[in-house]
Amino acid sequence: MQIVSDVTLKSLALLNFKNWEELHLSFSPVVNCFIGPNGVGKTNILDSIHFLCTTKSFLSTTDIQCIRFGADYFFIKGEFDRIGNLEVIQVSLKKSEKKVLKRNDSNYQRLSEHIGLLPVIVISPQDTNLIYEGSDERRKTLDLALSLSDGLYLHNLQRYNRLLQQRNAYLKEADTSGRVQHDILTLYDEQMDPFASYIYNARNSFLAAADQYLSRFYYTISSAREHCSIRYQSDLADNNLAALLAQSRQKDRELLYTTRGVHKDDLEMYINGQPLKKFGSQGQQKSFLIALKLAIYAVIKEQTGLSPILLFDDIFDKLDQKRASQVIRLVQEMKFGQIFLSDTHPERVKMLTQQTGSHSKFFMLDEHQKITHHEA
Ligand SMILES: Nc1ncnc2c1ncn2[C@@H]1O[C@H](COP(=O)(O)OP(=O)(O)O)[C@@H](O)[C@H]1O
Ligand SMILES: [Mg+2]
């Protein structure tokens, strides 16, 4: 069965992006597989696609670190099909200059305007950070998902964050000078309040929708009927921000930062009612994270009507053959979109695509970064 999705990447060109001096590839609208030994640049190719869609790397690499060692710029160009329209996206960065992003030859004034045009979801070994790192990792994932699904979200988040920084700066300034003007703090509290409400409501309804998909996807991947759930944790659940900040003003003045608000939100993950981090086995955690990412995918699709591009890095790091084919099958049954995946072993990838009967393009990478490709 051929599925042509709403957003597909047709071709990609890289210059000096990480280990790739020059690369030109064209893709299948269905499944694309990058196969080769460790360290040849498979993840970097997926990352360049993520860059085109979100203006950022999905690894914790800074923009400058994406420039190939010894070069002084990088350039990425992708030709996308978006609901039948050609979208040519180019990102470039020269050392000591600002990143430039173009859509069909026009520069964006603000990079954030681009986010949401081309939805993308990445599943990678890094996802375990969602379990083991602090709440900012979880908020980052949530914020990207919401930015891709809700055109107003990022704007509201940026406004909130700017006011938060100013409020924190004022708390320090007032401490240094030994004088606080309560009117100024009240003004900040009132200005931040509507942005916080927007963010809270958006996160709350997004996560409620994702929670609906989670157990079902978990079951498809692992055939285990464990009950998985996510719970949104926010100060705003009890009260509006202005009231919360009024209550915690004394504490904020002592600690010199804003102690409550949506910048403290978290996402809790449970399996059979127990925290995933403490009680989930490795296998359960892996399946949970994939189910969670696919649930986020499903909500973005539901809310935008667009199938995101799915980047699945090191697919067999997370899954055995049976589970991997369940995932691909799930993705196809749900009429999800174009998939890019990477792995080190050609045989198991071929078996996977044969099992799922998907039209696939294979890119075989060798140690010298030579690429051969064929379709099946
Ligand atoms: N800025 C850069 N310039 C040159 N090489 C880089 C840069 N950033 C990362 N690399 C190289 O890319 C390689 C890793 O590529 P990666 O895509 O992670 O490989 P794979 O996923 O195939 O295992 C490493 O050898 C690393 O040194
Ligand atoms: Mg890799």
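**A walk through the model**

Let's start with Leu-255, which sits in helix H7, residues 249–255. Helices here are DSSP runs of H or I with at least four residues, strands are E runs of at least two, and both are numbered from the N terminus.

Some ground rules first. This is a predicted model, where local features need pLDDT of at least 70, side-chain atom pairs count only at pLDDT 80 or more, and totals for chains, interfaces and linings use all residues. Residues are numbered from 1 along each chain as its sequence is written, chains are lettered from A and ligands numbered from 1 in the order in which they are written, and side-chain values use heavy atoms, with hydrogens and water left out.

Back to Leu-255. Buried means under 20% relative accessible area, exposed means over 50%, and partly exposed is in between, with a 1.4 Å probe and protein chains only. Now find Lys-172. Leu-255 and Lys-172 are 83 residues apart in sequence, yet their C-alpha atoms are 9.1 Å apart in space.

Next, the open sheet. It has 6 strands, in the order S2-S1-S4-S5-S6-S7, with antiparallel pairing. S2 and strand S7 (106–107) are at the edges with a single partner strand each, so one side of each has no neighbour in the sheet. Strands count as paired if DSSP finds at least two bridges between them. In general, strands of a sheet pair through backbone hydrogen bonds, parallel or antiparallel.

Zoom in on S1. Of its 11 residues, 9 are buried, so to speak mostly covered. On one side, S1 runs antiparallel to strand S4, residues 73–82, with 8 bridges. Val-7 has Arg-82 as its bridge partner in S4. S1 also runs antiparallel to strand S2, residues 20–26, with 6 bridges. There, Ala-13 is opposite His-24. S1 and S2 make a hairpin with 2 residues between the strands, and Lys-18 takes a positive phi near 50 degrees.

Stay in S1, residues 7–17, and pick out Ser-11. Ser-11 is buried, because its relative accessible area is 18%. What does Ser-11 touch, leaving out residues up to four places away in sequence? The list is Leu-25, Ser-26, Phe-27, Lys-77, Gly-78 and Glu-79. Contact here means heavy atoms within 4.5 Å. Take Ser-26: it is 15 residues from Ser-11 in sequence, but 4.1 Å away, C-alpha to C-alpha. Now Glu-79: its side chain makes a polar contact with the side chain of Ser-11, at 3.0 Å. A polar contact is a pair of N or O atoms within 3.5 Å; within protein, one must be able to donate a hydrogen and the other to accept it, and residues adjacent in sequence count only if both atoms are side-chain atoms.

Over to Thr-55. This residue is in the loop between helix H1 (42–54) and S4. Thr-55 counts as buried, because its relative accessibility is 5%. Its contacts, beyond four places in sequence, are His-50, Lys-99, Leu-101, Leu-111, His-114 and Ile-115.

Another strand: S14, residues 360–365. Here 5 of the 6 residues are buried. S14 pairs with strand S3, residues 31–35, in the parallel sense over 5 bridges. Val-31 is opposite Ser-360. S14 also runs antiparallel to strand S15, residues 371–375, again by 5 bridges. Phe-362 is opposite His-374 in that pair. S14 and S15 form a hairpin with 5 residues between them, and Gln-369 in the turn has a positive phi of about 65 degrees.

Last stop, ligand 1. How many residues surround ligand 1? There are 14, and the closest are Gly-39, Lys-42, Thr-43, Asn-44 and Ile-67. A residue is near a molecule if one of its heavy atoms lies within 4 Å of it. Look at the backbone. A polar backbone atom of Gly-39 is 2.7 Å from an oxygen atom of ligand 1. For Ile-67, a backbone N or O atom is 2.8 Å from a ligand 1 nitrogen atom.
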